[in-house]
Amino acid sequence: MRATEPEDSPAVGGPPPEIDAFVGRAAELAALGRALGTARLVTVTGPGGVGKTRLAARAAAGRAPRDGVGWVELAPVRDPRFVEHAVVAALGLTDHTTRPPRGTLLAHLADRELLLVLDGFEHLVDACAGLVAELLRRAPGLRVLAVGRRPLALTGERVLPLAPLPGDDAVALLRERAAALGVDTGDDADVRDVCRRLDGIPLALELAAGRLGALSPARLLERLDDRFRLLTGERRDAPPRHRTLRTAIGWSHELCTPAQRLLWARLSVFAGSVDLEAVEYVCAGDGLAADDVLDVLSELLAQSVLAREESPTGVRYRMLDTVRAYGAEWLAATGDEQRLRRRHRDWYLGLATWCELDWFSPRQAEVAARTETELPNLRRALEHSLAEPDEAHLGQTLAGSLWFYWAGCGRLSEGRHWLEQAVRAESGHEGARLKALWVLGYVAVLQGDTARALGVLRACRQEAELRADPVAVAYAEHRTGCLALVSDDLPRAEALLRSALARYREIGELNSNVLMGQVELAMARAFQGDLPDAVRLCENVRRVCERHGERWTRGYALYVLAYAAWADGDQAAARALLVECLTGAHAFHDLLASVLTVELLALVTAVDGDAAEAAVLQGVAARMWPSVGLPLFGSAHYNAPHERCEALAREALGDARYREGLREGTALAPEAALARALGRPPRTAEATACAPARPASQGPGTQEPAASRAHRGGETAG
């Protein structure tokens, strides 16, 4: 139930890899620890490559407060407007509401004790300063550790400049890095000269160590001298350390073969990390054969130009920001930058298209993880496409194709941002724009933005009918039916959803969206009192999902089946279905499914006779709803289980003990709340005094869910 909070772990977002090899810096580490103990904003400054990030990572690991450390990597972020989105993403937050990401952060951090690390902010200093100032003002338990080349210039900021390594530490670092490559440098005076010439800057030393496999320290020193003579005149006005770093990177670049230099430059178009397949597609050609890419990439790894890291989706490669910036300068000088950016965009558009298709398959979890990992590059592809008038239709296609990620993996707020940009773009490709429109309408429905959803979906349908686009008509009608459902207009919801499902059958459309339409129709039938028909519809969805390996929509079908089981008095079956539903929703970070499930699980718990635990679960749900939107959509029908549970719990406990249970639930950390919701075994106890009421029908003004005896089975919906 990752919902509004990150998982209970020491570091959310995670510091950069390989912080274990930490040479020297004992005094600096102690000073940073003391500063973090007394100041709420500490900024570590220094030139690129001096070791700021590693020092911050080590300090954060040793001073994790009660709610952990949130690590935000800002180097890949270009647009200042995305600083807040990046922080939200790094903290693992999801928010279904229309509030801006800053509101999400303020709500999340208000009562937490957390250390927020902002790494690589210097190109976004104004946006970061404004955000940090407000977060510190509104979240008293927050501390911020900023890492960059300049201070934030805020009141109360404690600035710790980080100098290069002194002589002995610099030599120790170079020897250690060389030893990792199987090279024993010994007590060589040339090694000390290399360290002195490179001013003890760790990045420069690591680049030098990467060459010791092929060069002796003496030969390395000779080539370094050549580089100094060649480059000292480039930037005489730059600080000496910056000249040294640029010299070291330029020297490493000079020692590269033409193919290595070319790949280095082309790799600069990527954001964050990248996998081999993307490198081969984007970077091959025009002087770099596809079959040679892996060998050239391996050489860049050996020279510390790239770093290798493991991820949930496999091996990936990352380039330090300073090294990337150097490569970007060379790429711009070649005149090939726009072609590479188009290839980058094409690869990630293809990836998003594949992921959309593969979402309706047994690989859903893999698709979700892959999309999450590739988000920095997907953002860059969206930025490029929507900034180019001739390519705006590709940005519309990309934003629309990611509907499954925006809606299914807790990224509604960011999806809304891109989709709003996409529908404003004039592309001349109406098919792409129509898809972006209905996806935007879907996102707005889930956010509870009724007015925007209705306007967008109406426009989508009108344009689709004018252009005789049956697919867009079906999706616009479907999502309008979904809007009617959460607005309690059940007859209209049923009519629209049945019509949309008929259109889907006519055009041969079958995917997660189509099955979700059937689940929504089942919910409309259940709310109107026809539970047998709701069960029939959802059993069909479950069979189709299991045949195709689909897990996301299946979870919503299980929720409806659990609702029917509860109303039919089968509490054990209802609980088992809800536990399975909640487990799946948590895996996808689907906040809406999670909170709906917890609400119904609380009612089942109350009916089972454990009113105190039911109150705790309602507290868990209460903590989640602010990031979903209007609790239970403001719908009397969706709200009925909550009202019934509260009435049962208050009657059994009294107001004071009920409120105490709510407080306990709202105070639970996310993973503890998940364990609490999932940890209780199903009860098979006989009916208690909390037995459910089962009226034959109900109107929107009543508190109890519509229910008739649910009969399992029935025909498939087709």
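Predicted model: local features only at pLDDT ≥ 70, side-chain atom pairs only at ≥ 80, totals over all residues.
## Nonpolar core

The largest nonpolar core comprises 191 residues. Within this core, Leu116 and Leu267 are the residues that touch the most other members.

For Leu267, the contacts beyond four places in sequence are with Val279, Cys283, Leu297, Leu300, Leu306, Met319 and Arg324.

## Three-stranded sheet

Three strands form an open sheet in the order E7-E9-E8, and their pairing is antiparallel. Strand E7 (273-274) and strand E8 (307-311) are the edge strands, each pairing on one side only.

Strand E9 covers residues 314-318 and pairs with E7 in the antiparallel sense over 2 bridges. In this part of the sheet, Ser273 stands opposite Arg318 in E9.

Leu402 is placed in the loop between helix H18 (392-401) and helix H19 (403-408). Its relative accessibility is 1%, and Leu402 therefore counts as buried, the cut-off for that class being under 20% relative accessible area.

When residues up to four places away in sequence are set aside, Leu402 touches Ala352, Thr371 and Leu378.

Technical notes. Residues numbered from 1 in each chain as written. Heavy atoms only, no water. Core = buried A, V, L, I, M, F, W, Y, C linked by side-chain atoms within 4.5 Å. Buried < 20%, exposed > 50% of the residue type's maximum accessible area, 1.4 Å probe, protein only. Contact = heavy atoms within 4.5 Å. Pairing = 2+ DSSP bridges. Helix = DSSP H or I, 4+ residues; strand = E, 2+ residues; numbered from the N terminus.
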